[in-house]
Amino acid sequence: MDTAKYPRFLKTLHWSMAVLIIGLLAMGFFMADIPETAPNKYNLYPLHKSLGMIVMLLLLLRLPARWRGPLPAEAAALEVWEQRLSHLVHLLLYVAMLAMTLSGYFMSSFYPHAQGIEMFGLFTIPDITSKSEAVSGYFHTLHSAGAWSFVVLLGLHIAGVVKHRFFDRPESNVLPRML
Ligand code: HEM
Ligand code: HEM
């Protein structure tokens, strides 16, 4: 392995999950904005849930691989505060991925009018809770707040990558570590 880069498995997971999650954020905000009375209100929900559960599965593969390593050596050209901030944002991105997938699943599982998650119409992931509109609403609030926190974290993450790529010394560029 090139010790300056993330292993191939983590790189593949990083980029495939980034595409899925950015798509889910856009899709989620779009579908949540459609008025309750519109006939197409629930058209995208099954696809959103299916893709969200795929992200949960990929996260379950990613977490042990991430914590077991190997990981690239610290990006030594960065200032200490930049290293600390990037570690904090990475940790919070993992927390946000976990929070979004779990809150989505619990929201759906508690929701009285949903019966399991139809995975692309192929098979069903069962509910794991009793039904309660109130508790489902609680996870809905968590999911919406989580979505906005995700947007902020992602903004910081991308701003960091762009800063090191375009505004710092060439040795500070961290993008090749993930390519
Ligand atoms: C990383 C994964 C996920 C992301 C980034 C994401 C993102 C979003 C966003 C941005 C919204 C709109 C929030 C709002 O403005 O109120 C939303 C709504 C929703 N999400 Fe997710 N989601 C994810 C996973 C899931 C999962 C796994 C499920 C269920 C299995 C799910 C079910 C829902 C439902 C049912 C809504 C609509 C709530 C409403 O009626 O307003 N999501 N999601
Ligand atoms: C939803 C989208 C994204 C999520 C959830 C995400 C999450 C993460 C996480 C958790 C890490 C730390 C890796 C680890 O140590 O395990 C990371 C690293 C990285 N990400 Fe992202 N990322 C996303 C999108 C992007 C985008 C759009 C870019 C490009 C602009 C990017 C570029 C990078 C780079 C270059 C690193 C390596 C940083 C380093 O350690 O030196 N990411 N990302």
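Donors here are N, O and S atoms within 2.8 Å of the metal (3.2 Å for Na, K and Ca); water is not among the atoms, so sites may look incomplete. This is a predicted model, in which local features need pLDDT of at least 70 and side-chain atom pairs count only at pLDDT 80 or more, while totals for chains, interfaces and linings use all residues. Residues are numbered from 1 along each chain as its sequence is written, ligands are numbered from 1 in the order in which they are written, and side-chain values use heavy atoms, without hydrogens and water.

H14 sits in helix α1 and H157 in helix α4 (residues 133-167), so the pair ties together parts 143 residues apart in sequence. Helices are DSSP runs (H or I, at least four residues), numbered from the N terminus.

The iron atom of ligand 1 has H48 (NE2) and H143 (NE2) as its protein donors, lying 2.1 Å from it. Its six donor atoms subtend angles of 88 to 179°, which makes this arrangement octahedral. H48 is in helix α2 and H143 in helix α4, so this pair ties together parts 95 residues apart in sequence.

Buried means under 20% relative accessible area, exposed over 50%, and partly exposed in between (1.4 Å probe, protein chains only).

| Residue | Relative accessible area | Class |
|---|---|---|
| H14 | 14% | buried |
| H48 | 13% | buried |
| H143 | 17% | buried |

Now the helix packing. Helix α1 (residues 8-33) packs on helix α2 (residues 45-68) at an angle of about 150°, with the axes 10 Å apart. Axes are lines fitted to C-alpha atoms, for helices over the stretch in contact, and angles run from 0 to 180 degrees between N-to-C directions. α1 and α2 are therefore roughly antiparallel. By class, their contact has 18 nonpolar, four polar and two charged residues.

α2 also packs with helix α3 (residues 80-110), at about 140° and with axes 10 Å apart. That makes α2 oblique to α3. Angles under 35 degrees count as roughly parallel, over 145 as roughly antiparallel, 65 to 115 as roughly perpendicular and the rest as oblique.

Definitions and conventions: Helix = DSSP H or I, 4+ residues; strand = E, 2+ residues; numbered from the N terminus. Nonpolar A, V, L, I, M, F, W, Y, C, P; charged D, E, K, R; others polar. Tetrahedral: all angles 85-135°; square planar, octahedral: opposite > 155°, others 65-115°.
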